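Have the sequence and the coordinates open as you read.

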Amino acid sequence: MRYKAPLDPECPAVIASASALLDDPMTKAMGAPTDEIIADYARKHRRECERCHDYGLANIEVE
Ligand SMILES: [Zn+2]
């Protein structure tokens, strides 16, 4: 069983980073695994952002 804590989709830093990652032509050209990139980003961001940390705890999902 795995726990998945989402980031706050309203967090300005998340919005900026997600669009930067997903619109990056290099990311697309390399066929980079965006799911992994986002999961990696989410892990780091949650440690730095109190807003997303709290949101993740309130909306945690069990897989
Ligand atoms: Zn955040």
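**Overall picture**

This is a predicted model, in which local features need pLDDT of at least 70 and side-chain atom pairs count only at pLDDT 80 or more, while totals for chains, interfaces and linings use all residues. Residues are numbered from 1 along each chain as its sequence is written.

The protein chain contains four helices and two strands; helices (H or I, at least four residues) and strands (E, at least two) are DSSP runs, numbered from the N terminus. Read from the N terminus, the order of elements is β-α-α-α-α-β. Along the principal axes, the C-alpha atoms fill a box of roughly 35 × 30 × 15 Å.

How confident is the predictor? The mean pLDDT (the predictor's confidence in each residue, from 0 to 100) is 87 for the protein chain, and 100% of the residues score at least 70. As a reminder, where pLDDT is low, the predicted coordinates should not be read in detail.

Of the 63 residues in the protein chain, 13% are buried. A residue is buried if 20 or more other C-beta atoms lie within 10 Å of its own, exposed if 12 or fewer, and partly exposed in between, with C-beta atoms placed from the backbone. Two residues are in contact if their C-beta atoms, again placed from the backbone, lie within 7 Å. Among contacts with a separation of 6 or more, 70% join residues 24 or more positions apart.

**Helix α4**

Which residues of helix α4 (residues 50-58) are buried? They are C52, Y55 and G56. Seen down the axis of α4, these buried residues fall within an arc of 100 degrees, so they line one face of the helix; the arc is that of the directions from the helix axis to the C-beta atoms. They pack against α1 (12-23) and α3 (34-48). On the other side of α4, E50, D54, L57 and A58 are exposed.

**The α1 and α3 pair**

The axes of α1 and α3 come within 11 Å and cross at roughly 155 degrees. Axes here are lines fitted to C-alpha atoms, for helices over the stretch in contact, and angles run from 0 to 180 degrees between N-to-C directions. The two helices are therefore roughly antiparallel to each other, a term for angles over 145 degrees. From α1, the contact is made by A13, V14, S17, L21 and L22, and from α3 by T34, I37, I38, Y41 and H45.

Leaving out residues up to four places away in sequence, T34 touches L21, L22 and T27. With the same exclusion, I37 is in contact with L21 and A32. M30 is exposed, with 9 other C-beta atoms within 10 Å. T34 is partly exposed, with 14, and I37 is also partly exposed, with 16.

The table lists one C-alpha to C-alpha distance for each of these residues.

| Pair | Separation in sequence | C-alpha to C-alpha distance |
|---|---|---|
| M30 and A16 | 14 residues | 21 Å |
| T34 and A18 | 16 residues | 9.7 Å |
| I37 and L21 | 16 residues | 8.2 Å |

Technical notes. Parallel < 35°, antiparallel > 145°, perpendicular 65-115°, else oblique.
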